[in-house]
Amino acid sequence: MDSSNSDKQNNNQSVNEDPAGVDNEFCPGFKDVDAFVKYGLGTVVAATKASASLPQVGDEYDLYRSFPGFQEFCETQGDGLLHCMSQIMHHHGCRAHMRDRNKLTGLEERFDLVVDSNDVILEKVGILLDDAAGVNRSQQPVMPAGFQPPKIVVSSWNRKGGDSGSGRSSETFRLLQAKNVTRPQLKFREKVDNSNTPFTPKIFVKPNAIKPLPSCRSQRPEDLDVPAALADFIHQQRTQEHVEDMFAHPYQYELDHLALPENLLSKPEPQMYKPLAETKCSFIDTLEDLVAVNEKLAKTSEFAVDLEHHSYRSFLGITCLMQISTRDEDFIIDTLELRSELYILNEAFTDPAIVKVFHGADSDIEWLQKDLGLYIVNMFDTHQASRTLNLGRHSLDHLLKLFCNVDSDKRYQLADWRIRPLPDEMFQYARADTHYLLYVYDRLRVDLWEVGNGQPALLQMVWHKSKDISLKKYMKPLFTEDSYMDLLRKQKKAFNTQQLTAFRLLYGWRDKLARQEDESTGYVLPNHMMIKISDILPKEPQGIIACCNPVPPLVRQQVNELHLLVQQAREMPLLKVRHAWGGSGGCFCPLRFIPWISL
């Protein structure tokens, strides 16, 4: 540390040469903050370099350790460091008895003290930095404009760039989240099924059917004029007799035999969209209005569809909003209010004579099945068309800019779509997603025809890909004894037997609680926090809390139960293991914790 000491001597000399400036010193020996930071940084760099030259753990360290002089030197320096650390910890009000520890468990307890102290010190540093930057930590959470004026989050990632020469100020994204949204699940007529059982299609009436609906689904047991117990028995018997039919895609036969008319495989004449100001837009939240919408859709030849979904405060997720646009009108449908009635739209959604235009429908198809019992026959996915044309970028934003010269407003893409009443900004954002989509559909078909040299091959390819997406079936996430291994493989984390046991137990606890409380696993305990707890294996409940920042509400409520799971994992024999994705020690059997057995 010679260079650092010389810097300090120079600083002291400069101060001594200027007695008049002694009273203005930032701290003894340093005239200002910059001098102190420069000296501190040099000291840290020198200490880091010195630590790198120390003997490494292993044979080299063992050799040096065999010399009494080296042992004495290490003990002296260690005591000095522990004393220095104790003073720092005592200054910050932390437990500071670094040297009064049991020899058997001293190292581990000292480490816990250091971890706790670091948390306290870093929290104080964060508060001081926020105060210096003028950040008020007591600010209220961001709320939707319909409830109170929103807080503008200012950050470099949060700005929507504008033309530098135009003089326009940059816009900021608005994270519309509501802290106290009433859980819409509480008002659903049919209770959400989070059970660890396969998903069965929610369809009991099949419009536009070529192949009739199987008898096991043609009538709901609750519709029968029989006692509830007998209705349950009938349902069980039907399920056992028609297992394959229960889980099959209801419109598999219709989609397999779908024949496209010639006009859909030829070059179209694009029909320009109406300006937003001249287009009627209706918010649909009653059954009467929904029936009227269904009648209008049944008379059209095509319409565009999009969905808004919420997944954070629900185990399976909730479809919150549906946007539908025809050539003349836009509809915003409240799927939370009409969740049990929306199945009537199957009349138009499964009509093979009506084209349904989506953009990136992979998730939409599954959400429609899961929440609303809706299926799609004869769909055109503009995302697949964009990929077939190799447009480079395939987002809806890019297509709107390319074909309509419209800049899509994505300031509300992180909004909480459960909010009711729906703020006007979110209403307009949702509307724009489908308003222009039919014109984009026309233009893409023109390009597919021209790139295909006047042949329908590319058009047929897009229609075929879109049909494959329509055939997708929603699959409920099911918990098995090995489910935790899938997540562990993705994380590529190497654990010993104790850590892996903790991870397995925490994974099972999280899944069970998420299903019971109808919360997402990310809300109950995010993956990175679960991995950190499994890695550290805290000895006390406070250690579990320290692994979580911020602390999830359900973790705080059930921290004692989590602590018992960690204690159970600590009782496992400690073995090094090697997983299929890397690590050291040996191969590992996930169920029995037996080393040297290949997966």
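Biologist: How many of the residues in strand β4 (residues 302-310) are buried?

Modeller: This is a predicted model, in which local features need pLDDT of at least 70, side-chain atom pairs count only at pLDDT 80 or more, and totals for chains, interfaces and linings use all residues. Residues are numbered from 1 along each chain as its sequence is written, and side-chain values use heavy atoms, with hydrogens and water left out. Buried means under 20% relative accessible area, exposed over 50% and partly exposed in between (1.4 Å probe, protein chains only), while helices (H or I, at least four residues) and strands (E, at least two) are DSSP runs numbered from the N terminus. Strand β4 is mostly covered, and its count of buried residues is 9 of 9.

Biologist: Which residues of β4 point the other way from F303, V305, L307 and H309?

Modeller: In a regular strand, side chains alternate between the two faces of the sheet. In β4, residues on both sides are buried. Opposite to the group of F303 are E302, A304, D306, E308 and H310.

Biologist: Which residue of β7 (residues 355-358) is the bridge partner of F303?

Modeller: On this side of β4, 3 bridges join the strand to β7, and the two run parallel. E302 stands opposite V355. For F303 the bridge partner is K356.

Biologist: Which residue of β8 is the bridge partner of K356?

Modeller: β7 and β8 pair in the parallel sense over 3 bridges. K356 and F358 point one way from β7 and V355 and V357 the other, and all are buried. In β8, the partner of K356 is M379.

Biologist: Which are the edge strands of the open sheet of 6 strands?

Modeller: The strand order is β3-β6-β5-β4-β7-β8, with mixed pairing. An edge strand in this sheet pairs on one side only, and that applies to β3 (280-284) and β8 (379-381).

Biologist: At about what angle does helix α16 (residues 457-470) run to β8?

Modeller: Axes are lines fitted to C-alpha atoms, for helices over the stretch in contact, and angles run from 0 to 180 degrees between N-to-C directions; contact means heavy atoms within 4.5 Å. Helix α16 lies across β7 and β8. Its angle to β8 is about 110°.

Biologist: Which helices do the buried residues of α13 (residues 396-404) pack against?

Modeller: The buried residues of α13 are L396, H398, L399, L400, F403 and C404. The helix is followed by N405, with a positive phi near 55°. The packing partners of the buried residues are α12 (382-388), α14 (424-435) and α15 (437-451).

Biologist: In which loop is P421 placed?

Modeller: The peptide bond from R420 to P421 is cis, with omega near 0°. The loop that holds P421 is the one between α13 and α14.

Biologist: Is L537 buried or exposed?

Modeller: L537 is in the loop between α20 (527-536) and α21. Its phi is positive, near 55°, in a residue other than glycine. Because its relative accessibility is 6%, L537 counts as buried.

Biologist: Why does Q542 count as exposed?

Modeller: Q542 lies in helix α21 (residues 541-546). Its C-alpha atom is 8.4 Å from that of V559, 17 residues apart along the chain. Q542 counts as exposed because its relative accessibility is 58%.

Biologist: What volume does the largest cavity have?

Modeller: On a 1 Å grid over the protein atoms alone, a cavity is a set of points where a 1.4 Å probe fits but cannot get out, and lining residues have an atom within 4 Å of a point. Grid points are joined across faces, edges and corners, and a volume is the space filled by probe spheres set on the points. This gives 1 cavity of 30 Å³ or more. The volume of the largest is about 90 Å³.

Biologist: How many charged residues line the largest cavity?

Modeller: The lining consists of Q271, M272, Y273, K274, T279, T326, R327, D330, H435, L438 and Y439. Ala, Val, Leu, Ile, Met, Phe, Trp, Tyr, Cys and Pro count as nonpolar, Asp, Glu, Lys and Arg as charged, and the others, Gly among them, as polar. Beside 4 nonpolar and 4 polar residues, the number of charged ones is 3.

Notes:
1 Å grid on protein atoms, 1.4 Å probe; cavity = no way out; pocket = protein on both sides within 12 Å on 5 of 7 lines; lining within 4 Å. Pairing = 2+ DSSP bridges.
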